[in-house]
Each structure stands twice: as structure tokens, then as C-alpha cells.
Amino acid sequence: MNGSAFLRLVATLASGVIFGVGLSLSGMLDPARVRGFLDVTRDWNPSLAFVLGGAVVVSALGVIMTRRMQSPLLDDAFHLPANRVIDRRLIFGSALFGVGWGLIGLCPGPALASLSLGLPATMLFVVAMLTGMALHDRLPRIGTRQQDEGDRALGVDGGRLSER
């Protein structure tokens with residue numbers, strides 16, 4: 001392993017540790033607390049709004065820094081997504097993610113960090129999450145083909161309205 005690869009590995013490990021400690025300190029590992037924040041109809045717990053607000057500030061600073069840099073410190077180029085289309089798959093996936101987060105009180109990052117607590121419900125969630133990820137890797141072609149046909153019938157090309 002050369003020095004550059006080692007530095008990337010150390011930076012990745014440090015980022016993961018900081019993220020995990022932040023999740024733990026903020027209460028994001030407690031599904032009941034997360035559900036209390038998401039359920040505004042009962043006994044709402046607004047404390048996680050500060051966690052989300054802090055995350056938005058840190059992310060905004062990261063975006064500003066990224067735009068000013070020629071390249072990242074430990075790589076040759078930034079690896080940003082090329083697809084900027086908002087389509088049905090993105091909307092459906094986002095809604096499914098939100099419903100799951102609201103029902104269970106865990107999303108992938110906190111679920112993985114919560115494995116350290118050894119709770120059977122968290123372990124089951126992670127197994128189900130990994131199963132869903134594996135299924136997604138094998139099923140997208142079916143949904144993509146059907147969606148493309150439906151989009152063409154509606155006059156939509158990849159999420160953008162086509163000129164008719």
C-alpha cells in the first residue's frame with residue numbers, strides 16, 4: 001500500500017469514527033427519539049432539528065469548499081454524480097426511504113453504528129436493509145425498462161419534458 005492509499009484509508013476511517021461518534025452523541029442511534037422527532041402529531045421532540053440544522057451547515061460549507069478547490073486533497077478529481085434528473089424512481093425511492101425511517105426510526109448510517117449496541121431489532125433491520133440493497137442491484141433493469149416505456153408514452157424523456 002503506497003502512502004497516498006494509506007492516507008485515504010486513514011481519512012476514511014477518521015471520517016467514519018467522527019460520523020459514528022456524532023450520531024451517538026446526537027441521539028440518532030435511539031430509534032424512539034428519532035420517531036419522536038418525526039411524529040409531529042403526538043409528543044413531538046424537536047431536539048433532532050438542531051442535529052439536522054448542524055448537518056446542513058457542515059454540508060453547505062463542504063459544498064462551498066469543493067467549488068473553490070481544483071481537486072480533492074487525496075484524489076485526482078471529485079467524483080460527483082452526473083445524473084441530475086428527478087424522475088419517478090428517485091421520488092419513489094426517497095418516499096420509501098422516508099417511510100422506513102419514520103416507521104423504524106433508523107436509516108443506514110445510524111443502523112450500522114447501532115450494531116455496536118447489540119440490539120436484535122437493529123441486527124434484523126440491517127439484515128433486511130442489506131437484503132433490499134442486494135435485491136435492488138438485481139431488479140433495476142425491470143423497473144427502468146417499464147419506466148422508460150411509460151415516460152415515452154407520457155412525452156417525458158428521462159424526467160424532462162420532451163418537445164412535441
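1. Thr-122 in this predicted model belongs to helix H6, residues 120-138. Apart from neighbours within four places in sequence, Thr-122 is in contact with Leu-106, Ala-111, Ser-114 and Leu-115, where contact means heavy atoms within 4.5 Å. Thr-122 has a relative accessible area of 3% and is therefore buried (buried is under 20% relative accessible area, exposed over 50% and partly exposed in between, with a 1.4 Å probe and protein chains only).

2. On the basis of the analysis: residues are numbered from 1 along each chain as its sequence is written, and side-chain values use heavy atoms, with hydrogens and water left out. Because the model is predicted, local features need pLDDT of at least 70 and side-chain atom pairs count only at pLDDT 80 or more, whereas totals for chains, interfaces and linings use all residues.

3. The protein chain contains seven helices and two strands, in the order α-α-α-α-α-α-α-β-β from the N terminus. These elements are DSSP runs numbered from the N terminus (helices are H or I with at least four residues, strands E with at least two). The chain has 164 residues, of which 18% count as buried. Among contacts with a separation of 6 or more, 43% join residues 24 or more positions apart.

4. Confidence is given as pLDDT, the predictor's value for each residue from 0 to 100. The chain averages 83, and 85% of the residues score at least 70. Where pLDDT is low, predicted coordinates should not be read in detail.

5. Helix H1 spans residues 3-26, a total of 24 residues, and reaches 34 Å from its first C-alpha to its last. This is close to the 34 Å expected at 1.5 Å a residue (the expected span is 1.5 Å times one less than the number of residues). Just after H1, Gly-27 adopts a positive phi of about 90°.

6. Two packed helices are described by the angle between their axes and the distance between the axes. The axes of H2 (residues 31-38) and H4 (residues 88-104) come within 7 Å and cross at roughly 120°, which means that H2 is oblique to H4. Axes are lines fitted to C-alpha atoms, for helices over the stretch in contact, and angles run from 0 to 180 degrees between N-to-C directions. Angles under 35 degrees count as roughly parallel, over 145 as roughly antiparallel, 65 to 115 as roughly perpendicular and the rest as oblique. H2 contributes Pro-31, Val-34, Arg-35 and Leu-38 to the contact, and H4 contributes Trp-101, Gly-102, Leu-103 and Ile-104. Six of these residues are nonpolar, one is polar and one is charged (Ala, Val, Leu, Ile, Met, Phe, Trp, Tyr, Cys and Pro count as nonpolar, Asp, Glu, Lys and Arg as charged, and the others, Gly among them, as polar).

7. H2 also meets H3: their axes come within 9 Å and cross at roughly 85°, so H2 and H3 are roughly perpendicular to each other. Arg-33, Val-34 and Phe-37 of H2 make the contact with Leu-48, Ala-49 and Leu-52 of H3. By class, this contact has five nonpolar, no polar and one charged residues.

8. Ala-49, placed in H3, counts as partly exposed because its relative accessibility is 34%. Its C-alpha atom is separated by 7.9 Å from that of Phe-37, 12 residues apart along the chain.

9. Asp-75 lies in the loop between H3 and H4. With a relative accessible area of 32%, Asp-75 is partly exposed. The C-alpha atoms of Asp-75 and Ala-5 are separated by 9.4 Å, although these residues are 70 residues apart along the chain.
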